[in-house]
Amino acid sequence: MAKYLIKRIIYLVITLFIIASLTFFLMKFLPGSPFQNEEKLTEDQRVILDEKYGLDKPIPVQYANYMMNVVKGDLGVSFQFDNQPVTKLLKNRMGPSLQLGFQAMFIGTIIGILLGVLAAMFQNTWIDYGSTFLAVLGKSIPSFVFAALLQYVIGVKLGWLPVASWNGFASSIMPTIALAIFPIATAARFMRTELIEVFSSDYITLAKAKGNSRMEVSFKHAIRNGLIPLVTVLGPMAVGLMTGSMVVEKIFAIPGIGEQFVKSIMTNDFPIIMGTTIFFAFLLTVIILIVDILYGIIDPRIRLQGGDKS
Amino acid sequence: MKKILEVSDLHISFHTFAGEVQAIRGVNFDLFEGETLAIVGESGSGKSVTTKSIMRLLPPDNSEIKKGKILFKDTDIAQATEKQMQKIRGKDISMIFQDPMTSLNPTMTIGKQIMEPLLKHQKLSKDKARERALKLLDLVGIPKPEIRIKQYPHQFSGGMRQRVVIAIALACAPKVLIADEPTTALDVTIQAQILDLMKELQKQIETSIIFITHDLGVVANVADRVAVMYGGKIVEIGTVDEIFYNPQHPYTWGLISSMPSLDSGDEELFVIPGTPPDLLHPPKGDAFAPRNPYAMKIDLEEEPPMFQVSDTHFAATWLLHPDAPKVDPPAAVKERKAIYQAKQAASLKGGQ
């Protein structure tokens, strides 16, 4: 296992390096620079600024400098936010997005799995149809519609929760629910389809033949086997949620990363773009690693292939 | 001998989009203590449905026991509730499935799977159950049980997995063991090992076995009695010798004729012509009549009752009616009859 982990971490570093390099050059090929759009600047001022930020040097030199700093843990200084270090900006902005993403993921998968299990256990009854209906709603209606609805009903009409602010857990409840709708729907559908297949397998019949009740068969034998394909989609979904849904963050006035990322692209704020991309890539690769480890825990057949051979 | 299980006039139907499929149409048999009853027949004859109904493992949403009784101890299994069945399954009646590659849970250790019925029915402590599971693994011939008990099914070969399935089935020393083609998915050398193992364990645990198969060679090896099923009914039942050496039903003749023997040369293997009956619209008379070269007019009109041949031997064919014409069974069957009579004569002489 340790050997496997070390190997995976080396891969992770290589992946990050490639992603960072690609992003760097792609960004440089884009037209425009951070200070070109500022019409108030004179030619001299622009030259001074370019020099200050090292933008006057040839691109390979800029690349080498940047990568050296990244290795040291320095992601540079933002051009647009008062020369704040990118690491600090990321740290401040990442918190809310990660918290919301994690909460939505946690609630979403648990409720989704339960809904899927119920639907599969009571296939073709009103429970199944109800869960299917909910899942279709959750998948087809965008999260901002739910967000607005929640704000209106719970925030404005009932006044139970703050409408749009960011202080404390209470203000995270509604955005979490709005974000969780999609994972709930996805997990419920995956779980139902897979479990129905699992229920018809021989080992489930054997589990029944041992004298297990329906509940025992479902929870002891079926769910673990039904989880395997779900884990695959959970990884990318988790990243999507944690890196922030721009729209939901905007609606609930949450100081998250999603909004900042888009803004930095519009203004050619190179260090922020690079920093955010590297961070997202890091998150994604780590989550993929976690998913692969989860696979092994859920399915012993994969554990052996991944672990012992390497 | 004491009866342990009594199936009488069992009718089972499946409700499909096309209509009601009458899979089982009046099955009667008894199972005695310590014996092995083989049920043979082609695919779709109702072997598996009959045995699954004994454990009530048929899908509840589209199958229905229309009529009949399955008496086990004092319980009528056909009428039992799910709660009652959960106490019987795995404890009094257990089952070995056809395909060992798919009948074990891939995400659970072998040990856990064997311990499950022990914890459930015998209320053993975890340590005791583990001890017992180790003994069971040893009993079914799995080497190094202490290591094997922690492993997962994918670390076992097909034959070893079937041994594990047998260990699970025998964990609570059931009164009745149903083996649904337990050797079909295994290669021939492993088949023989598994059959030997089952015979030996049967002696040790004193269980009765219902052995479903379509392999007559296996039947000859393991069974005390044989029931031949066709079109959802038992058409002939008797001891192994009676079925193999003195068969009465034309379908049994067909089965025996289609068995290859060591001295069969270049001639083509015999095949029973035609296809099994459509149980969506069961035929009026004898279901085998359209494929039966010995069929008479009455076979198309009226179902034959069970005629008694000996104390243990019954067959449902009009050929046994006193008014029926004498027919000549196929050559293979005649040969067997001759061998049998010679044997009996020899043993009579030897006895004197």
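Among contacts in chain A between residues at least 6 apart in sequence, 73% link residues at least 24 apart. The corresponding share in chain B is 65%. Do keep in mind that this is a predicted model. Chain A contains 13 helices and zero strands, while chain B has twelve helices and twelve strands.

**Chain A overall**

- Taken along the principal axes, the C-alpha atoms of chain A fill a box of roughly 85 × 60 × 30 Å.
- Chain A has 310 residues, and 36% of them are buried.

**Annotated spans in chain A**

- An unreviewed UniProt entry places the feature "transmembrane region" at residues 9-30, 100-121, 133-154, 166-185, 227-252 and 272-295 of chain A.
- For residues 9-30 of chain A, the model gives 95% helix and 0% strand, with the end C-alpha atoms 32 Å apart.
- Residues 100-121 of chain A are 100% helix and 0% strand, and here the end C-alpha atoms lie 31 Å apart.

**Helix H8 of chain A**

- Helix H8 of chain A covers residues 202-209, and it is largely enclosed by the rest of the structure because seven of its eight residues are buried.
- The buried residues in H8(A) are Tyr203(A), Ile204(A), Thr205(A), Leu206(A), Ala207(A), Lys208(A) and Ala209(A).
- If you are looking at backbone torsions, stop just after H8(A): Gly211(A) has a positive phi of about 100° there.

**Chain B overall**

- The radius of gyration of chain B is 22 Å, which agrees with the value near 20 Å that a compact globule of 352 residues would have.
- Along its principal axes, the C-alpha trace of chain B spans about 70 × 50 × 40 Å.
- Buried residues account for 43% of the 352 residues of chain B.

**An open sheet in chain B**

- Strands of a sheet pair through backbone hydrogen bonds, in either a parallel or an antiparallel arrangement.
- In chain B, four strands make an open sheet with antiparallel pairing, in the order E2-E1-E4-E5.
- Its edges are strand E2 (19-32) and strand E5 (75-76) of chain B, each of which pairs on one side only.
- Strand E4 of chain B, residues 63-72, pairs with E5(B) in the antiparallel sense over two bridges.
- For a landmark in the structure, look for Leu71(B), which stands opposite Asp76(B) in E5(B).

**Where the two chains touch**

- Chain B brings 24 residues to the contact and chain A brings 18 residues.
- On the side of chain B that touches chain A, helix H2 (82-88), strand E6 (93-96) and helix H3 (110-121) of chain B each supply at least two residues.
- H3(B) gives the most to that side of chain B, with four residues.
- By residue class, the side of chain B that touches chain A divides into nine nonpolar, nine polar and six charged residues.

Key:
Residues are numbered from 1 along each chain as its sequence is written. Chains are lettered from A and ligands numbered from 1 in the order in which they are written. This is a predicted model: local features need pLDDT of at least 70, side-chain atom pairs count only at pLDDT 80 or more; totals for chains, interfaces and linings use all residues. UniProt positions are given in the numbering used here, feature names are shortened, and annotations may be inferred rather than shown by experiment. Two strands pair if DSSP finds at least two bridges between them. A residue is buried if 20 or more other C-beta atoms lie within 10 Å of its own, exposed if 12 or fewer, and partly exposed in between; C-beta atoms are placed from the backbone. Two residues are in contact if their C-beta atoms, placed from the backbone, lie within 7 Å. The radius of gyration is taken over C-alpha atoms; the globule rule is 2.2 Å times the number of residues to the power 0.38. Ala, Val, Leu, Ile, Met, Phe, Trp, Tyr, Cys and Pro count as nonpolar, Asp, Glu, Lys and Arg as charged, and the others, Gly among them, as polar.
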